[in-house]
Amino acid sequence: MISTGPFFLDQIFFIVFPYVAVIIFLLVSIRRYRTEAFTFSSLSSQFLENKQHFWGLVPFHFGIITILLGHVIAFLFPREVLAWNSVPLRLYILEASAFIAALLTLIGLGALIFRRVTDPKVKKVTSWADWVVFASFVVQILSGIYVAIFHSWGSSWFASLAAPYLWSLVTLSPDITYVTAMPWMVKLHIVSAWLMIAFAPFTRLVHILVAPNPYFWRKPQVVRWYSLLRNRV
Amino acid sequence: MNVRSQISMVFHLDKCIGCHTCSIACKNIWTDRKGTEYMWWNNVETKPGTGFPTKWEDQEKYRGGWELKEGNLRLKSTSKAKTVTNIFHNPSMPSMDDYYEPWTYKYDELFNAPEGPDQPTARPISMVTGEYINVEAGPNWDDDLGGSPVYAESDPNLKGLTEDQRQQLFAIERLVFFYFPRICNHCLNPSCVAACPSGALYKRGEDGIVLIDQKRCRGWRACVAACPYKKTFYNWSTGKSEKCVLCYPRLETGQAPACFHSCVGRIRYLGVLLYDADRIEEVAKLRDEQLIDGHRSLVLNPHDPAVIAAARANGIHDSVIESAQASPVYKFVKEWKLALPPHIEFRTMPMLYYVPPMSPVMANRGDDTVSSVSGEFFHDIEDSRVPLQFMANLFGAGHQGKVVYALKKQKAVRTYRRAKTVGDIPMETAEKMLREADCSIEQAEAVYNLTSLCTFEDRFVIPPMHREEAIEMMRDPAEHKTAVGFGFMEPPKRGL
Ligand code: HEM
Ligand code: SF4
């Protein structure tokens, strides 16, 4: 799979990185959940600063969740995305919505960072890992926006190039020819994504893994009995 | 009938001296850690006053508790749909400014100050940032400031008072206030539990204590917004919410909770109530004026053979049923109807009840003289120094009936005891008052005994918690004993 040659670095970035990143992500997340469940928290700081909070957290999350979902959908259903994009108007709508979501994320991120720097209380609960996370988001979002502007119709070429690359990783037959010819900014975006995935389980980003779900189907009241015989609500 | 048992409480406000011993006992045991400095699981408020956090009773502002919407019970602060939009930024979340910024003093400045003409001072520093701060609020900032135009006048319970009644509260040299100690009410219909997106909060089946599973809490902080009494707190350091645990480790070893144990005024009573869990929802949907009766009707008579049979069928241990029969709370709440739930209109069905305090007017100041109001030992309840409407807003969902009943009975018992021991009131008068207050002589004696002569054992009837049985069911108790200690196996430390 890996050979030395002109594409040696590409092989490191696009074959070694992804596998290592995903393995680290899985192992560390599971170990952390099993031995340090207490550290799984959103680490909210709304209690310490409640005015700027809205302007950072809300646009950032709505933006980033839309963008991430977009990536996941294009990865899972590349054919459908291409079919949707075959009508220019639909392509424009998709691209414009994605771009707005990216801008929202960027604005939100800016507000988050500003808040972390300026509010003395919030600063106090900011760890070095938070700064790494913010820095990597800056790289990730700016490179993403650059790509969207200068290498247009990403929703289509993601489906025809990035999706097969990702699938080749999933099927353990990595084929990097899809990505080696890409512009360097796209490559940066991909490499930094792998780095983020590797680092995420060490940071506050684990809150994504425990995003609430039982709420949508459980009864309002929760009663716990000690005894197994009495396990009813 | 679905009988469950609940450890319930009564606070007798007429006995509270406002010493804050309870708060300190609690703080020393539970909230002296980083991130919890600002929390007071037990706090003592001056009423009228704004309380802690400031104006917590104003649900227009905090949006805690339940409301009736088209016949359905709905949380004011959240819903399944709203969770999606509010989880990133909760619009009903109070911030530290609503409580206070905890501080300590730079004591070393007392020792290290260079010699000079002034006494050295220890300046306050924030326990969050470590920087010097100007202290602008504290947990009992309005202590004893009844009559204050800044604090007392902002009390949400002044709603609906006439101008005269306000005058009465704020007239110079007629100021009046009483103390209102608060802990978590361990409600039957807890809105904190219902609001948690992670299902981390729960009510313990066997004793009704409401807890937050620290390992499942994710810091979505919906409970803080949803509790109308503001008794769940967000730990800004660990990123988890915390609340009063009713000292369950103490209860499980037969000891009263620390605030109960240490109470100087001996105002606190604790005991088991049996209740019908099937009817909670029905009662929580009643109209405001029916809520107190409805709430009382949930509490079952532990001497009734049918209730006992149903309790046994539900797996409630005989020892717990016996404990319920001896419960001082049952007497205050159900038999004597002296104790009332606070703000029942929030519809969480609180299981901490209050005996409303009396505020007799013994004398009034005229132009230059102080004259006693009436020749009698006690004036009419209607003329209490604290307007009845104020009490009713606090303990009667705005309706005076139940409050007047409780105050009248207390007054009758006092008059009766006065007639008996001092003798300056004719016994016929006293007996007439008792009759009017729906109180027999036996009951009057019982109320007197449990109010004034109560021992430790009278006040706290703690049921055996039977944890050992629960453990036996899962593993060998000897093995369990070696495998667990107290507290967390994993340190409660914030992650990166
Ligand atoms: C899946 C659903 C998600 C939920 C329910 C969620 C919820 C939250 C909450 C409650 C906070 C704390 C906000 C506060 O300070 O009060 C938070 C912070 C944060 N979340 Fe999420 N999040 C989600 C997904 C994501 C995703 C997908 C990302 C990025 C990949 C992300 C990145 C962040 C970051 C960087 C912070 C820290 C912001 C700051 O406080 O400065 N979250 N999230
Ligand atoms: S210790 Fe007792 S008397 Fe003192 S403030 Fe607390 S409740 Fe009141």
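In this predicted model, helix H14 of chain B, residues 328-335, and helix H18 of chain B, residues 441-452, have axes that come within 12 Å and cross at roughly 135°. Angles over 145 degrees would count as roughly antiparallel and those from 65 to 115 as roughly perpendicular, so H14(B) is oblique to H18(B). The handedness of the crossing of H14(B) and H18(B) is left-handed. On the side of H14(B), the contact is made by Pro328(B), Lys331(B), Phe332(B) and Glu335(B), and on the side of H18(B) by Gln443(B), Leu450(B) and Thr451(B). By residue class, the contact of H14(B) with H18(B) comprises 3 nonpolar, 2 polar and 2 charged residues.

Met349(B) sits in the loop between H14 and strand S14 (352-355) of chain B. Its phi is positive, about 60°, although Met349(B) is not a glycine. Is Met349(B) buried or exposed? With a relative accessible area of 0%, Met349(B) is buried, since the cut-off for that class is under 20%. The loop between H18 and helix H19 (456-459) of chain B holds Thr455(B). Thr455(B) has a relative accessible area of 37% and is therefore partly exposed, a class that lies between the 20% and 50% limits. The C-alpha atom of Thr455(B) is separated by 9.0 Å from that of Arg266(B), although the two residues are 189 residues apart along the chain.

Another loop of chain B runs between strand S6 (124-126) and helix H5 (163-170), and Tyr132(B) is found there. Tyr132(B) counts as partly exposed because its relative accessibility is 37%. Leaving aside residues up to four places away in sequence, Tyr132(B) touches Lys106(B), Glu109(B), Arg123(B), Pro124(B) and Ile125(B). Between the C-alpha atoms of Tyr132(B) and Trp103(B), which are 29 residues apart along the chain, the separation is 9.0 Å. The loop between S6 and H5 of chain B is also the place of Asp144(B). Asp144(B) has a phi near 65°, a positive value in a residue other than glycine. The relative accessible area of Asp144(B) is 36%, so Asp144(B) is partly exposed.

Pro48(B) lies in the loop between strand S2 (43-47) and helix H2 (59-62) of chain B. The peptide bond from Phe52(B) to Pro53(B) is cis as well, with omega near -10°. Pro53(B) is likewise found in the loop between S2 and H2 of chain B.

Chain A has a secondary structure of 9 helices and 1 strand. Read from the N terminus on, its elements follow the order α-α-α-α-α-α-α-α-α-β. The C-alpha trace of chain A spans about 60 × 45 × 40 Å along its principal axes. Chain A has 233 residues, of which 46% count as buried. Among contacts in chain A with a separation of 6 or more, 75% are between residues 24 or more positions apart.

Chain A also has a helix crossing to inspect. The axes of helix H4 (residues 88-118) of chain A and helix H7 (residues 154-170) of chain A come within 9 Å and cross at roughly 95°. This angle makes H4(A) roughly perpendicular to H7(A), because that class covers 65 to 115 degrees. H4(A) contributes Leu91(A), Leu94(A) and Glu95(A) to the contact, and H7(A) contributes Gly154(A), Ser155(A) and Ser156(A). The contact of H4(A) with H7(A) divides into 2 nonpolar, 3 polar and 1 charged residues.

The last topic is how the two chains meet. In the interface, 72 residues of chain B are in contact with 57 residues of chain A. The size of an interface is often given as the accessible area lost when the parts come together. Between chain B and chain A the buried area is about 5500 Å², and carbon and sulfur atoms give 60% of that area. Phe88(B), Arg218(B) and Leu496(B) supply 16% of the area that chain B buries against chain A, more than any other three residues.

Technical notes
Residues numbered from 1 in each chain as written. Chains lettered and ligands numbered in written order. Predicted model: local features only at pLDDT ≥ 70, side-chain atom pairs only at ≥ 80, totals over all residues. Heavy atoms only, no water. Axes fitted to C-alpha atoms, helices over the stretch in contact; angles between N-to-C directions. Helix = DSSP H or I, 4+ residues; strand = E, 2+ residues; numbered from the N terminus. Parallel < 35°, antiparallel > 145°, perpendicular 65-115°, else oblique. Left-handed = near helix turned anticlockwise from the far one by under 90°. Contact = heavy atoms within 4.5 Å. Nonpolar A, V, L, I, M, F, W, Y, C, P; charged D, E, K, R; others polar. Buried < 20%, exposed > 50% of the residue type's maximum accessible area, 1.4 Å probe, protein only. Buried area = accessible area lost by both parts, 1.4 Å probe.
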